[in-house]
Amino acid sequence: MSAINNNDAEDATSYQPGNRVALEHTNDPHTRLRPGDEGTVRRYDPRQQVLDVRWDSGSHLAMLLAAGDRVRRLPDADWARVLDALRTAGQAAGREAAAWWAQDTIGGRTSGDVATAAREILTAIEGGRDVDGLPAADPYSLADDADRYAENAPPGAPAWERLTAQQCDHARWAWCDGYDAAVEAEAARQCRVVLHPDGDDRDLRHVYPDRLRLGGPGVFAGDWAWAPNEHGELRIPVGFVGTLVDTWNGWAVFTCTREVAEATVADQHDARDRYRQQLAATGITGERQEQMVDESVARLRFDGDVIVADESRVHDDPEAIDRITPDAHGRYTVMGRAWTWIAVHPYDCDRIAGDLPGPPATVAT
């Protein structure tokens, strides 16, 4: 019981002139004050536990805390400004610390497969898991509190020596919270720069395959597209930006812009060229080579605004030729419901064709 009384006394003595309070309960049966009414502290007598309040309603009823009257402290606008400044300073320090950390982890001062490390780190951050070695503030260390406060508190802020123990804690936590949030955000940004083929630092979680929904954006490739790179890792040479509009036997059906459709046709030409080179390496050339290419890889080409997809030799059917026209919005469904397209992770692609949209706007509630 004594510990509770000591804490109550410490809370009570924290009332200072200018503090904002709200009424929770009063034993005065004649007052017009009601719970929730707000006022400003004029003075406080800690021995008698009498709180003199200038209420916004015009009342001057004093609170007899020892007799059962209760108020709660409201956030002080000036003190909130102090905490905001400390939080901002912590963010700046956190970003700098994360930038140095990145240089030694996934940046210029490291070697080896930085992409794998960046993918693991980003996955951990996005999953809310701790990352070994990532800088972090110590909210329980008191050593730097006074110096941080003196350096970063805004003009007009109360001196450190005048703060209550609770205010000192809040000042430290504001700086530490800003630091940790900025470290995590900057580390994730640095990872995205490493992983995105164009060095894009945008958050792309909204186009990850596990978040893809009908009508939403994604990155697509054929399930046949995976190929080992020079390090032996399976990668997708190019992913195509599109909008998922349907599924077909479990495969994705998506629409895309003319730009992306052209990239799809170009990639198909590249696939045919790669197969020609493989055949040539085994001594197969000339008409036999071209016949084998046609039997294995469809021919795609543009005829004006129409994509001509010739699979007649692939299926040994002279009528297996499709003409893909754009819809009313100029978008194409390139071999949808015919080829085994899948949604892929953007960071599994060496190149991404098309412009990825930003995340959907959130509606404040």
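Two strands count as paired if DSSP finds at least two bridges between them. In this predicted model, that criterion applies to strand S9 (residues 239-248) and strand S10, which are joined by five bridges and run antiparallel. Within this pairing, Leu244 has Phe254 of S10 as its bridge partner. The points below turn from this hairpin to an open sheet, a pair of helices and the cysteines.

**The hairpin of S9 and S10**

- Two residues lie between the strands of this hairpin, and Asn249 adopts a positive phi near 50° there.
- Strand S10 spans residues 251-255 and is mostly covered, since four of its five residues are buried.

**The open sheet**

- Five strands form an open sheet in the order S4-S3-S2-S1-S5, and their pairing is antiparallel.
- The edges of this sheet are strand S4 (63-64) and strand S5 (70-73), each of which pairs on one side only.
- Inside the strand order, strand S2 (residues 38-45) is paired with strand S3 (residues 50-55) in the antiparallel sense, over six bridges.
- Tyr44 is found opposite Leu51 in S3.

**Helices H2 and H4**

- Two packed helices are described by the angle between their axes and the distance between the axes.
- For helix H2 (residues 77-105) and helix H4 (residues 145-152), the axes come within 10 Å and cross at roughly 105°.
- Angles of 65 to 115 degrees count as roughly perpendicular, and H2 and H4 are therefore roughly perpendicular to each other.
- On the H2 side, the contact is made by Trp79, Val82, Ala85, Leu86 and Ala89, while H4 contributes Arg148, Tyr149 and Asn152.
- Sorted by class, the contact of H2 with H4 comprises six nonpolar residues, one polar residue and one charged residue.

**Cysteines**

- The structure contains zero disulfides.
- A disulfide requires a pair of cysteine sulfur atoms within 2.5 Å.
- The closest cysteine sulfur to that of Cys191 belongs to Cys349 and is 18 Å away, so the distance is too far for a bond.
- Cys191 is also buried, with a relative accessible area of 0%.
- For Cys256, the closest cysteine sulfur is likewise in Cys349, and because the separation is 15 Å, it is too far for a bond.
- Cys256 counts as buried, at 1% relative accessibility.

Conventions: Residues numbered from 1 in each chain as written. Predicted model: local features only at pLDDT ≥ 70, side-chain atom pairs only at ≥ 80, totals over all residues. Heavy atoms only, no water. Buried < 20%, exposed > 50% of the residue type's maximum accessible area, 1.4 Å probe, protein only. Axes fitted to C-alpha atoms, helices over the stretch in contact; angles between N-to-C directions. Parallel < 35°, antiparallel > 145°, perpendicular 65-115°, else oblique. Contact = heavy atoms within 4.5 Å. Nonpolar A, V, L, I, M, F, W, Y, C, P; charged D, E, K, R; others polar.
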